[in-house]
Structures are given as structure tokens and as C-alpha cells.
Amino acid sequence: MSGRFCYLEEADSGEKQSHKSDQEEWFNPDTPGNRTAATCNVCVSHINYTISERFGPWWDVHSYHKRWTRHILKDVSFYVESGQLMGILGNSGSGKTTLLDAIAGRLRRSENLLGEVYVNGCKLKREEFHDCFSYVLQSDNLLSYLTVRETLMFTALLTLRGYSADAIKQKVESALLELSLSHVSNHIIGGHVFRGISGGERRRVSIAAQLLQDPRVILLDEPTTGLDSMTSNQIISLLSELARNDRVVILTIHQPRSELFKLFDKIGIMSCGELVFCGGPKEMVEFFGGCGYQCPEYCNPFDLYVDLTSVDTRSKERELQTYSRVQEISLVYRNSNIHNDMLKSIARTRQSKHSSSIPFKSTDSPSTAFKFWILFRRITRNLSRDKIGIVMRLSQNLLFGLFIVFFVMRLGSDASKGALQDRIGIIYQSVGAPPYTGMLNAVALYPSLRAIADQESTDGLYQKWLMLVAYIAHILPFSIFSVAIYSFFVYWTVGMFPLWERFACFFGVLIVPHLVGELLTLVFLGIVHNPNVVNSAVALINVAGLLVGSGFLRSTEDMPEPFLWMSYLTFQKYGVEILMVNEFYGLNFTCGNDGQSTNNTAYPSCFITQGIQYLDTTYPKATSRFAFDFLILYAFVPVLVIFGIISFKIRDLIIQR
């Protein structure tokens, strides 16, 4: 070997030699007590994956209905065993992440997937993938206000059953120690708004969370993305140490440093969905040298060989030239001894399979009620540390109430001076505005929780709807308190009907619009990923409900029959009727400066001198429906909770597909 590979020779003679001896001892079947621990290997056999896509944009009707098939993965096979770290390299779009998703059983269109994945020679069933592999995503979905220890503790409580509190603490401490996180264990995770731990430490927290279930196979998608070169080196070194502890670690990586060359036991290079090479680092250098592509001195072998196996699409000539080169390298690899030895290892492992040898993760999770309690505690602890968020959630309705009070000042009884219209306006705003504040709360707080629920439910920790119900339980006291502040301030400041039981009714009605706005947003967030689309949909539904159900724009008697039937589906119909009866029943109006009730033609509004007259005219028989309206109004809350659970179950099905 020339001098440019001296670091490889050092690894072979030093660190890897000691590892090899350790591994030989571990895999010796005659060693007492090591028989079951020595059987961990992963075989990926002839994986093929295709998708069918639309040919043109949706506005081009002719081309939109045409489909073309893309071959994402093409006959991919490899073999990796316990104690090994495997890196899958390739340019963007080469199929690295899709291959990892296929191995982990996370492809949405699994019906288009062909091939098998074997662990210890046993073919995995679709439902067994999640129980065998731990998957660390490219993005770190962590709650910003929790500390590192709290993050791992809550994950452990959601994951492990039958462990004592001391045992769970010990398991968390072991994960902190193994991932070198003990020095930041009491630091908060942090986020975009405020600083917390570093990006490399966040990535290690994500890995530590997966280790709590004692996985023997760990998959990582681009674990060094967004990290500087030194931190990336530390992450790969850490993963190498994890692999040495009798684990299989497979990761995708884009641009590793040359110093990491010695840490990988196996390297796979992908291009156009094909595995154009898979073998050890030393074998890789020799293989490409045999193909006529020698690695120049001081050149990073990773960069060189990924460039050689990439297709240049800047021009048609370059694309044809580079694609032809990739196909030549792939053909040489498939005819090489490296590829043939790998296929023999797969065949030999499949022939020696034992049904009881699949190393499943710890899947004996706690009960559903206990998981709900842990999720509720985790959400509450995280959101309660957001001081600005709490202040805004409690004061946003009050701020809106300040505008109403400043605009109206004090309600009077003189119909000629707008006493009737002012009351109608306050009721209109009180029913119409709270859904928007609820919507803003859900859009601001829940998408991050939804991302975590998507990841943890895919890992098998719980079902997505549990996170939804825990969030709803958390927001209830905040919603009640926020509406109570608004109701108390507005009701008594502007001088509405001066009875405490009337105030209680006013407050009881306004809770529902606020909750409906937030719950309706959560229903849409279960199906629609884009929060901006959800905002528009909820706002449109709220406006439509006010127009159709409130009776402000058009009375129910004059409304067309289709809209009349639609009004029964709006909470505004029942809420407005209750508030109108609550305010106008038993109320008398004066007219003019003399303070006397009269039908003075100079003041057209004075034709209504009693509140009951307005009710009979605009909301006939509303007084007789008072209790019924209350019952139907509050029925919207559990119905939307049920719809929310259904929407997140639909989300489960969509993601699984």
C-alpha cells in the first residue's frame, strides 16, 4: 500500500485488530453464555421499489392523467453482522433514504416493494419491522423546554413496562453515559427562539432515546446533517463505539471526512437506486483501483468514489457519459468476488435460521391509561415553561375584550342611541372572535407535538390520538381561565344584564366557541399537513357559520331552506340564541331624552321597547329552546374530540400507506 492509505493500515493493525479479536471471542459458539448473543446479522436480499407518478401538472388535464413509473431501488442486496458499522454513501437522489425506509418497513407504498429482509436468517414479517429496528430520523423532533434527562425519562416511561422507578432512572443514566450526555443532562433542549444544547448533542439525544428499548439494529438517516466537520466526526465515532457493543449500526451519510474512513466496517455506494459497491474500506480502495480509478494522494476516498458513481445531469452528453461509467462500475461489482462472497454469506445465514433468534426490542409497553398520563405530564411540563406563550394564551381574549370595552364604553337603555345595536354587536363579537384565538393556539402549539407523535407512534410507543387527547386535556384549564377573564371584564365593564346567573350563562356559552375553534383546527391538523391551509379552512368555516347560523345577516324565517338546514350544523346558531335570550329577556328600553318608552316615529329603533319584542321578531320561540340549545351547544365539544381522534387514525393510515 502507498502512503496515502497509511491511516487504513494503522486501523487494521491497531484498533480493528483488537476489535476483531473481541468479535471472534463474542461469536465463538463454544463460549459459554454467548450462544444467543452471537447471532445478530442483517441480510437485505434483492430489494426493488417502484412508484407511479403523475406525468404533468394538475392544470394540464391531458398530461396529468398520464403516469410514469420510477424505479427507486434496483436489486439491492447486502449483509452486515453484529459489531459492524455500515455507511451508505451516494449523491442526492441516489436512493439512500428510501433504502433505509425499506429496511425499516416505513415505506408508504409498501405494495410496490419487492425483496426480503432477514435477521439472523429469519425473514421478517411486515408487522415485525418496527419491533426489530430502531430508526433515528434526519431531523430531531424534541420538545424545546424539556431537559435532556427529562426527555429520556419520559421516553423511557412510555416505552418500558414492569420496571421500577430506580431501574428506569438507572437505564436513563446508562444511556446518558453511553452517549456522552451526562454533562448536559440538566440543560434544556432549546429551539429556534432560544438556545439550548448544540446540534450534535441534540442528535445524540435522539440516538439515546432509541437505545432505551435495547435495540440490536440501529438505522440512522443522515445523522451528520447540519453539523460541522468536528461534530460529525464525533457522532460517527460514537456510532462506531455503539456498534462495538454488539450492535448492527447502518447509516446514510453524504460527505464523510477522510478521517472517518477507518471507522466503517462496511461501505455501500449507491447511484440511481443501485448498490454499485458494498464492502470493507480496504476492499473499496482496491476495487476502484482495479477499475482504473486510483485514489490520488491526500484525496478523500469518499468524495472521489461518490463523484465517480454520480450521474452529471448538466447536459445530455455528460449524463450519458457518466451514466455509462456508473453502469460499467456496477457490472464489474456484480461480477466481483466481493459481491459473490456477500451473496454466499446471505445464503449461508438463511440456511442456518432459528425462529427464536430474532433480537426484538423491548416492546412490552405500559397500558394506554398510563401512556396518556405520561403524555399529559410531558406536554404540561414543556408548555408550562414557555412564559411568553402562557401569558399570550391567557391574555389574548382579554386584549380583544379591551378593544370592545374601549369602543362601546358603557351600554345604555336608550334605544334611540343604539342600546339595542350595541348589545347585538357585543354578542356577535363574543361568538365570532373566540374561535380564532383557539385556532391560533392550536396552530402555534400542536404541529411540533404532531411531528413528535408521528415519529413516536411509528416507533410503536403509542397511537397518535393519545397525544391529541393529552393535548386537549392540557388546554382545557387554559381555555376556561382565558374565557373567564374576558367574560368577567367585558360583561361587567360594559354593563350587560346585571345578574350573576346571567353572567354565568354568558361565560358558559363563550367557552364553547373558543374550544370549537381549537378542536376544529386539531381535526384538520390530523389530515392536512400545512398549517396555513388549516388556518384558511377554519376561518372560512367560522365565517360561514356566523352567516348561516347566527341570524345577524338574515333571520331564520327569511332564510332559504337549504341554508336553514345547514344552520342546524353550526354552533353559532345555538350559542347566539342563548346569548340573545340571556341578554334581552326581561330587558326594557327607553326612547329619547325624556326616558319614557314610546313608539316615536322620529326614532325608528324605538318601535322595540322590550327585549322580548326583539326576541319574538328575530329568534321566535328561542326562550322555549333555551335548555335544548345549551345541550346541543356543548355536544359540539365531544363530537369534535371524536372527529379529532378519527382524523388522527386516518393520518395513521395515510402515513402507513
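Modeller: First, a definition. A helix here is a DSSP run of H or I with at least four residues, and helices are numbered from the N terminus. Keep in mind that this model is predicted.

Colleague: Where is the place of Ser185?

Modeller: Look at two helices, H7 (165–178) and H8 (199–211).

Colleague: Does Ser185 count as buried or exposed?

Modeller: Buried means under 20% relative accessible area. Ser185 has 4% relative accessibility. Setting aside residues up to four places away in sequence, it touches Thr147, Val148, Arg149 and Leu176. With its 4%, Ser185 therefore counts as buried.

Colleague: How are helices H6 and H14 directed, roughly parallel or roughly antiparallel?

Modeller: H6 covers residues 148–159 and H14 covers residues 368–384. Their axes are 9 Å apart and the packing angle is about 165°. Angles over 145 degrees count as roughly antiparallel. So H6 and H14 are roughly antiparallel.

Colleague: How many residues of the contact of H6 with H14 are charged?

Modeller: H6 brings Glu150, Phe154, Leu157 and Leu158. H14 brings Phe370, Lys371, Ile374, Leu375, Arg377, Arg378 and Arg381. By class, the contact has 6 nonpolar residues and no polar ones, and the charged ones number 5.

Colleague: Now H15 and H18. Are they roughly parallel or roughly antiparallel?

Modeller: H15 spans residues 387–408 and H18 spans residues 464–494. Their axes come within 9 Å and cross at roughly 20°. Angles under 35 degrees count as roughly parallel. That is why H15 and H18 are roughly parallel.

Colleague: Is the crossing of H15 and H18 left-handed or right-handed?

Modeller: Take handedness pair by pair. The crossing of H6 and H14 is left-handed. The crossing of H15 and H18 is right-handed.

Colleague: How far apart are the end C-alpha atoms of residues 503–527?

Modeller: An unreviewed UniProt entry lists "transmembrane region" at several spans, including 394–412 and 503–527. Residues 394–412 are 79% helix and 0% strand, with end C-alpha atoms 30 Å apart. Residues 503–527 are 100% helix and 0% strand, and their end C-alpha atoms lie apart by 38 Å.

Colleague: Which residues of helix H10 are buried?

Modeller: H10 runs over residues 281–290. Just after H10 comes Gly292, with a positive phi of about 95°. Within H10, the buried residues are Pro281, Met284, Val285, Phe287, Phe288 and Gly289.

Colleague: Last one. Of contacts between residues at least 6 apart in sequence, what share joins residues at least 24 apart?

Modeller: The chain has 24 helices and 10 strands. Of its 657 residues, 52% are buried. Among the contacts you describe, the share is 75%.

Conventions: Residues are numbered from 1 along each chain as its sequence is written. This is a predicted model: local features need pLDDT of at least 70, side-chain atom pairs count only at pLDDT 80 or more; totals for chains, interfaces and linings use all residues. Side-chain values use heavy atoms; hydrogens and water are left out. Axes are lines fitted to C-alpha atoms, for helices over the stretch in contact, and angles run from 0 to 180 degrees between N-to-C directions. Angles under 35 degrees count as roughly parallel, over 145 as roughly antiparallel, 65 to 115 as roughly perpendicular and the rest as oblique. A crossing is left-handed if the near helix is turned anticlockwise from the far one by less than a right angle, and right-handed if clockwise. UniProt positions are given in the numbering used here, feature names are shortened, and annotations may be inferred rather than shown by experiment. Contact means heavy atoms within 4.5 Å. Ala, Val, Leu, Ile, Met, Phe, Trp, Tyr, Cys and Pro count as nonpolar, Asp, Glu, Lys and Arg as charged, and the others, Gly among them, as polar. Buried means under 20% relative accessible area, exposed over 50%, partly exposed in between (1.4 Å probe, protein chains only).
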